[in-house]
Each structure stands twice: as C-alpha cells, then as structure tokens.
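Subject: Structure handover

Hello,

Here is the structure you will be taking over. Please open it alongside this note.

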Amino acid sequence: MIVSGSTLFGWLMGQIQYRKLFVAIGLANILIASVKMAIIFLPILEVAERYRFAMFASYLPALWLMSIYAWRIPDQTAATRLNRFSWKLWAAPVVLSATGAIIPQMDMVLMSRIQPTDVFENFARASLFYKGIYFAFLIFAQWVLPHQIHGEWSGSKKKISALWLAAMAVAASAGIAFISPWVVQIFLKWDQIPPAKMIFLSCLNMSLLTWIFLMIQEACARTRTQVAALSIAVLGFEAALQLTGHWSIDGYFTASILCQAFIIWMLSSPSRKLPRPAAEA
C-alpha cells in the first residue's frame, strides 16, 4: 500500500509539475506532512499502528488535491502529441524514477554492508549533514524540470555541466564540515561527533550524486534516455565494486567520487550533445 500510494503520488506530482503548478506541489507536500503528524498523535490506535497507518494514509488527501489540479488544467504540451505507447515516452520517467530512488539511499545501503558497526554509526550521523545538500538540490530539480521539458532551460548561463558547480560543491562540503562540530554541540547534543573528514567526503559525494541526478533529469527531459540509463548502469557498477572491494572509509569515498566524476564527464561531454527537446522541434 505504501509503494502504491507513493507511486501514484509521484505520477500526479509529475503531472502538476509538468503544468508548472508549483503552488499545488507545495500544498501537497505540506498536506502530507500535516496529515502524517496528525495520524501519529491519534489516541485511538496503538503507537506502532499509528506509524504504519501514517505511512500510506498521509498520501490520500494530497492525491485528492493534486488530482483536482491535474484534471482542471489539461496537458497541452508536445508530449501529448507523441504515441502514448512509444517506449521513448515511458522510458524517461522510469529512468528518472529509478534515479530518484537509488541516489539518496545508495551510500547508506552500501555502508551498512561493508563497514564495521562503529564506522557505519558515525556515517549515519554524518548523513544528516549531506541530506541537507540532497534536499536543497531536490527542490531546485523540481523547479527546473518543467522548464527543461518545455525547452526553456538553455544557454551557457544555465548549463548544469558548468565547472562552477564543481567548485561550489567542494566549497559547500568544506563549509558544512567546518561548522559541523558547533551544530552537533549546540543543536544535536550527540555524545560523539563524526570526523570532519567523513562529513566533508560524504557531503562532496552527495553533491556529485545530486549533480548527476540533475544531469540525468536534463537528459530525460530532452529524450536522451539511453545515456541517462547508461549513467544508472555505471552507478550499479560502482555499487558492485564497493560490495566486492570492502575498502576502508577513505577507499570507499575515493572510488565513489571517481565514479561520480566519470558519470558527470560522460553526461557533459561535448561529443554527447543532447538533442533539442520535442517542444522546440
């Protein structure tokens, strides 16, 4: 029921996102969070049942709200003129959905299987810092996707492959690692502070992963699904490499960052220039 609800929510979210109804997206997310919190505090259910119920029932009001928005404003974009049974029309959403499911969980899943318990516990604490980077990129990705689909995101100033993003990723990761001890001491009150080096490397790795997500999203929006799917395959190769290598934490991040850099190069190489979107054709 959770998978069904989240899948339907994702599809409807894409419908209203495609129509640039950003107010509806914000209302739907607020509604999900509010309903989930309300269900958790219901006195009529056992505690465990409240959490189970909240995991899927919180989607229901948001699904109703988004369906009203989606059906009120019909889709007049170029994609509706394509063959609805064409694999090109369906492959891009599948690849993009897989990317969104893999990237935020990839490091946690791999670390839990290849690192000692104490190292993984430290990494789990450090992951709180890189989640901030991921969600910041995710907000930007939601905003920019319809512009990419409609062919409105172009030009040198808007290139996701720009080198200044690499410098910004390093600077942001270093800044987060620098302030992390104060954040832990003042706000989180943990008995153990994750090493600054671990926070820096995990934030840098997540910055590259979210960068890849934005570039895969751009490739999918421009119907260059094969290159996007190849990027997912490289991430799969990276996961297999990590599981067989069982390296230390430094070796893990070295291999991850090298693989992420290769994917970014592959997606941004001039020889792999993306075609113009269908909306411009």
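Below is what was found, from the whole chain down to single residues.

First, the ground rules. This is a predicted model, in which local features need pLDDT of at least 70, side-chain atom pairs count only at pLDDT 80 or more, and totals for chains, interfaces and linings use all residues. Residues are numbered from 1 along each chain as its sequence is written, and side-chain values use heavy atoms, with hydrogens and water left out.

**The whole chain**

The protein chain has 10 helices and 0 strands. Both kinds of element are DSSP runs numbered from the N terminus (helices: H or I, at least four residues; strands: E, at least two). From the N terminus on, the order reads α-α-α-α-α-α-α-α-α-α. Of the 281 residues, 43% are buried (under 20% relative accessible area, with a 1.4 Å probe and protein chains only). The chain exposes about 15300 Å², and 69% of that comes from carbon and sulfur atoms. Accessible areas come from the Shrake-Rupley method with a 1.4 Å probe. Among contacts with a separation of 6 or more, 77% join residues 24 or more positions apart. Contact here means heavy atoms within 4.5 Å.

**A helix pair**

Two packed helices are described by the angle and the distance between their axes. The axes of α9 (residues 225–245) and α10 (residues 249–268) come within 10 Å and cross at roughly 165°. Therefore α9 is roughly antiparallel to α10 (an angle over 145 degrees). Axes are lines fitted to C-alpha atoms over the stretch in contact, and angles run from 0 to 180 degrees between N-to-C directions. Residues making the contact include Val227, Leu230 and Leu235 of α9, and Tyr252, Phe262 and Met266 of α10. The contact residues divide into 11 nonpolar, 4 polar and 1 charged. Nonpolar covers Ala, Val, Leu, Ile, Met, Phe, Trp, Tyr, Cys and Pro; charged covers Asp, Glu, Lys and Arg; the others, Gly among them, are polar.

**Two residues to look at**

Is Pro146 buried or exposed? Pro146 is buried, with a relative accessible area of 0%. Pro146 sits in helix α6 (residues 117–149). Leaving aside neighbours within four places in sequence, Pro146 is in contact with Gln17, Tyr18, Lys20 and Phe22. Its C-alpha atom is separated by 7.3 Å from that of Arg19, 127 residues apart along the chain.

Ser180 belongs to helix α7 (residues 163–188). Ser180 is buried too, with a relative accessible area of 1%. Not counting residues up to four places away in sequence, Ser180 touches Phe129 and Ile199.

Best wishes

Notes. Buried < 20%, exposed > 50% of the residue type's maximum accessible area, 1.4 Å probe, protein only. Parallel < 35°, antiparallel > 145°, perpendicular 65-115°, else oblique.
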